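The points are grouped by topic and can be followed alongside the sequence and the 3D view.

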Amino acid sequence: MDSKSKKCIFIGYKDGLKGYKLWNPVTRKVVYSPDVVFREVKDVIKHEVKPKEPVKIEFELKEEESNSVAEESEDEEPQTLSVRRSVRETRQLERYSPSAFCSNFSLSVTDDDPRTVKEAVDSKDGKLWKEAMVDEMASLHKNEAWDRVELSAGRKRSGSKWVLKKKTNAEGKVEKYKARLVAKGYSQVPGIDFGDIFSPVAKVTSIRLLLSVVATSDFEVEQMDVKTTFLHRDLEEEIYMKQPEGFAVKGKKELICKLKKSLYGLKQSPRMWYQKFDTFIRGLGFTRSKANHCVYFKLIGDHVIYLVLYVDDMLLVGNDKEIIQDLKTQLSSKFDMKDLGAANYILGMEIKRDRAKRKLWLNQRKYVETILQRFNMQNSKPVKVPIPVGVRLSAEQCPKTQEEEEDMSRVPYASAVGSLMYAMVCTRPDIAHAVGVLSRFMSKLGRSTRQ
Amino acid sequence: MKQVFRYLRGTSDYGLCYQGRPRLDRVLDIHGFFDADWVGDLDQRRYTSGYVFNLFGGAVNWMSTKQSVVALSTTEAEYMATTHARKEVVWLQRLCSNMGLVQGAIRIDCDSQSAIFLAKNPAYHSKTKHIDVQYHFVRDMIEDRKVLLVKVDTLKNTANALTKSVSSEKFSWCREEMGISALEK
């Protein structure tokens, strides 16, 4: 290499320019240049990556599994590519922060959920998070999710990750700290690691239709939830996974887990769970609806019972309490279920009933308040209509210069429209037109659209 | 967009409400409305269609979309919009019958007299000969008596709010018709 040349990373091309778009990691700037000598990717990255210090996390386990679960672990991140990605992320966040539209916008689901194990354990709820993780591990061991084996040559192993989430109820209070071990399914190779992966879910329309019948015919609605849903099915393919962070066997860190059950995060998990449930419920004499494969029903004399499945949540609807109770017992004997009693919160929709008046309300108050807060609109002035008469948006108002474009790119428009869309699909037909109009400008947003 | 958020801010506790009593056990009475806005989209001149199906005082199914073809007249836009509502009818009827519920012909209200005539009368017409085969699907369904098309006054069409921006009085009327109300304490 010449003495004057600089090491950059190739990131793409630019319209109207002869040359390459490059990122200079030293000056942290994007440069354009036609004068480039390419070198191997690995070679370039090596120069700038300093391996991270391994993170030590200690878990004290009182379960009987404690002898198989060790106290030390290693942060699994210092892979060259992921470090490069993290650099890019922080840049984005800096760019988003001055946005007037939403200053506290964050990419995570809820703002205060920890993203890594280290973050969780260091936080003030560290003890609760640890308990949640131990709980999850115990459940995995109980279900014999994997064997620990040595990696045979030629097989890829996928990583694993802890997903930590605070579960809240309809009022927004924290109900439970939940830790879930997921496999990094994105590294799975089609044909080798998985075959078909599609699986049906219930349409919201079917749920609404059923609930309107519930309201007027005064039916019972009960809700159940399957614990560790995907663990119920044996895997057909051979899949290997790294040992989970924080729970590697002492002195045997090179061992990997050969999965026996489908784990969260694997591509085929939802499909395998659905197949298993479908076979079971049809064995009980239920008929599957042809219009929506997640709706089942059964007639027993004068009584009718419906079951709507939404991945791991299910609604049981019927006009006889005993029949529902029977079904619950049957389900619990087969799967690890949690009985949630009378349904009051499904898919982010709150269900309220006035049985004397045969009325049923379905609303998303909590969800709407969350998105208002996320996009910093919780103190805005309310208006009467979502789109005023005479407002017409067109491509004319789209940004034309580069400055305008950059200005607009600071607004997380797509995710705001997405949030509105979910409210619209579930319970708010009144904003359907407004959301439809807004979503037409996803790729070419103008200032007036934002208003 | 800010306007939509501001609207939601004022109506965050609004939701769907279902009420009433069925005339007979397991007999449903779904009632649909649809509407089309001829050139709602300024850039591509395409029409926007919307429909809503009500059951027991609340909306169970709705849609509002910009369509993928250009309509040459309002009649044509409305006529083609019926097709989309109609496809939904087929699905809804199948869903109901699969669930052991009884749903007869679904009544759909439409504010365009000419679209209704076009759907009911299978005559060949020079002004309509370019309308594609799929849109004539509605005629079959009317002959099979799966659907009843009924003329309704524009002022009483609930689906209006799904295709165009309407005044606040009209909007709150439509909203009420769709069964959206604040939670009763």
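An open sheet of five strands, ordered β16(A)-β17(A)-β18(A)-β1(B)-β9(B) with antiparallel pairing, takes strands from chain A and chain B. At its edges stand β16 (345-346) of chain A and β9 (180-182) of chain B; each has a single partner strand, so one side of each has no neighbour in the sheet. The model is a predicted one.

- Strands β17 (residues 349-354) and β18 (residues 359-363) of chain A run antiparallel and are joined by five bridges.
- Within this pair, A:E350 has A:N363 of β18(A) as its bridge partner.
- The pairing from one chain to the other is between β18(A) and β1(B), which are antiparallel and share five bridges.
- Here A:W361 is the bridge partner of B:C17 in β1(B).

**Contact between the chains**

- On the two sides of the contact are 55 residues of chain B and 63 residues of chain A.
- On the side of chain B that touches chain A, two or more residues come from each of α1 (2-10), β1 (14-19), β4 (48-55), β5 (58-66), α2 (74-98) and α5 (168-177) of chain B.
- Helix α1(B) provides the largest share of that side, with nine residues.
- By type, that side of chain B has 28 nonpolar, 17 polar and 10 charged residues.

**Chain B**

- Chain B has five helices and nine strands.
- Along the sequence these elements follow the pattern α-β-β-β-β-β-α-β-β-α-α-β-α-β.
- Of the 185 residues in chain B, 49% are buried.
- Among contacts in chain B with a separation of 6 or more, 70% are between residues 24 or more positions apart.
- Strands β4(B) and β5(B) pair in the antiparallel sense, with eight bridges, and B:L55 stands opposite B:G58 of β5(B).
- These two strands form a hairpin with two residues between them, and B:F56 in the turn has a positive phi of about 50 degrees.

**Helix α8 of chain A**

- In helix α8 (residues 365-374) of chain A, the buried residues are A:R365, A:V368, A:T370, A:I371 and A:R374.
- An α-helix has 3.6 residues a turn, so residues three or four places apart point the same way.
- The cover over the buried residues of α8(A) includes β17, β18 and α10 (413-426) of chain A, together with α1 of chain B.
- Just after α8(A), A:N376 has a positive phi of about 60 degrees.

**The six-stranded sheet of chain A**

- Another open sheet, in chain A, has six strands in the order β11-β12-β13-β14-β8-β15, with antiparallel pairing.
- Its edge strands are β11 (287-288) and β15 (337-342) of chain A; each has a single partner strand, so one side of each is left without a neighbour in the sheet.
- Strands β13 (residues 303-310) and β14 (residues 313-318) of chain A pair in the antiparallel sense over six bridges, with A:V317 in β14(A) as the bridge partner of A:Y306.
- Helix α5 (residues 204-217) of chain A packs on this sheet, where it touches β8 (220-226), β12 (295-300), β13 and β14 of chain A, and its direction makes about 150 degrees with that of β13(A).
- Helix α7 (residues 321-334) of chain A lies across β8, β12, β13, β14 and β15 of chain A and runs at about 5 degrees to β8(A).

- The largest nonpolar core has 116 residues, and A:Y306 and A:V308 touch the most other members.
- Helix α2(B) gives the most to this core, nine residues.
- Beyond its neighbours within four places in sequence, A:V308 has contacts that include A:A202, A:S206, A:I207 and A:L210.
- A second, separate core has 26 residues, among them A:V121, A:M133, A:L140 and A:L181.
- A:V317, in strand β14 of chain A, counts as buried because 24 other C-beta atoms lie within 10 Å, where the cut-off is 20 or more.
- Leaving aside neighbours within four places in sequence, A:V317 is in contact with A:L210, A:V214, A:F219, A:V221 and A:Y306.
- A:V317 and A:L210 are 107 residues apart along the chain, and their C-alpha atoms are separated by 8.1 Å.

How values were computed:
Residues are numbered from 1 along each chain as its sequence is written. Chains are lettered from A and ligands numbered from 1 in the order in which they are written. This is a predicted model: local features need pLDDT of at least 70, side-chain atom pairs count only at pLDDT 80 or more; totals for chains, interfaces and linings use all residues. Two strands pair if DSSP finds at least two bridges between them. Helices (H or I, at least four residues) and strands (E, at least two) are DSSP runs, numbered from the N terminus. Two residues are in contact if their C-beta atoms, placed from the backbone, lie within 7 Å. Ala, Val, Leu, Ile, Met, Phe, Trp, Tyr, Cys and Pro count as nonpolar, Asp, Glu, Lys and Arg as charged, and the others, Gly among them, as polar. A residue is buried if 20 or more other C-beta atoms lie within 10 Å of its own, exposed if 12 or fewer, and partly exposed in between; C-beta atoms are placed from the backbone. Axes are lines fitted to C-alpha atoms, for helices over the stretch in contact, and angles run from 0 to 180 degrees between N-to-C directions. A nonpolar core is a set of buried Ala, Val, Leu, Ile, Met, Phe, Trp, Tyr and Cys residues joined through C-beta atoms within 7 Å.
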